[in-house]
Amino acid sequence: MSSTARLAGKTALVTGGSRGIGRAISRRLAHEGALVAVHYGHDLGAAERTVKEIEADGGRAFAVHAELGVPGDADTLWSAFDGALADRGADGGLDILVNNAGITVPRPLADVTEADYDRVFAINTKAPFFIIQRGLARLRDGGRIINVSSVATRVAFPAIVSYTMTKAALDYLTLTLAQELGPRGITVNAVAPGYTETEINPTLAIPEIRRRYSEASAFNRLGQPTDIADVVAFVASDDARWVTGQWIDASGGAHLGV
Ligand code: NAD
């Protein structure tokens, strides 16, 4: 655990926390002292590995299972969270909720099926909405809600049109809830990655695509999951107590349209 331990005594939940950006966020929040619930949908092995990595770093974490994008997903998630906290003898409160889980539909308008559309909205927009709604009673005053958005809500990415719509809706949820939850001292912010090296981008294995995606940032490189996690850790900390309703770029300037 870091000597600064900005998040000591805090409890966090990171959806999709077992791999990619979510794994980096889980590790970083735990490194700063938070007890982290690492949510996963399908890959128990990845969740257990992330928990072990956190423990090896001197942190505390546990895995929580819930498939998102199915009816009742938020209730399933919270009851798994409550059960796991009770097993640890913890009080059940939450300080930091990171809505990170997401999928993409890498298809232009003409090729998006109704099933694609429903699924990407169910996982990227509906699930965070109800996870927040059903989790509010657990979230302590002064807490944090951090929604992982995308730079694709600021610049046009026609090949992922349905995905960008889900994240734009999430941005508006962020803005609206920041006002609604302000009286409780809860901040609500969006952190927006650009092209980041994770499994959501399998085409990064193709050198030409890798080069083009790298050039989308002002720094001519791809984002790494830790680039995003460092921003999330700041927003989660008391250092960001006066920041709410913000869309925070974590894309290396891809929103500049370079
Ligand atoms: P990833 O595919 O590695 O991770 C996605 C996570 O969401 C995984 O942990 C996965 O298990 C979880 N998830 C997906 N569907 C689920 C379901 N039905 N039920 C439960 N969990 C589910 O990709 P990533 O890049 O780490 O993505 C994390 C977030 O960052 C996503 O919201 C994504 O939209 C956003 N984002 C990523 C990039 C990028 O280039 N990697 C860019 C902008 C935004």
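In strand β4, Val-98 is the bridge partner of Val-14. The model behind this pairing is predicted; local features need pLDDT of at least 70, side-chain atom pairs count only at pLDDT 80 or more, and totals for chains, interfaces and linings use all residues. Residues are numbered from 1 along each chain as its sequence is written.

Val-14 belongs to strand β1 (residues 11-14), which runs parallel to β4 and is joined to it by three bridges; strands count as paired if DSSP finds at least two bridges between them. Five bridges join β4 to strand β5 (residues 139-148), again in parallel, and here Asn-99 stands opposite Asn-147. With helix α4 (residues 114-135), β4 and β5 make a right-handed β-α-β unit, meaning that, with the strands pointing away from the viewer, the path from the first strand over the helix to the second runs clockwise.

So how enclosed is β4 (residues 94-99)? Six of its six residues are buried, so the strand is largely enclosed by the rest of the structure. Buried here means 20 or more other C-beta atoms, placed from the backbone, within 10 Å of the residue's own. Across the chain, buried residues make up 47% of the 258.

Stepping back, the chain has seven helices and seven strands, taken as DSSP runs (H or I, at least four residues, for helices; E, at least two, for strands) and numbered from the N terminus. Along the sequence they follow the pattern β-α-β-α-β-α-β-α-β-α-β-α-α-β. The C-alpha trace spans about 50 × 40 × 40 Å along its principal axes.

Note on methods: A residue is buried if 20 or more other C-beta atoms lie within 10 Å of its own, exposed if 12 or fewer, and partly exposed in between; C-beta atoms are placed from the backbone.
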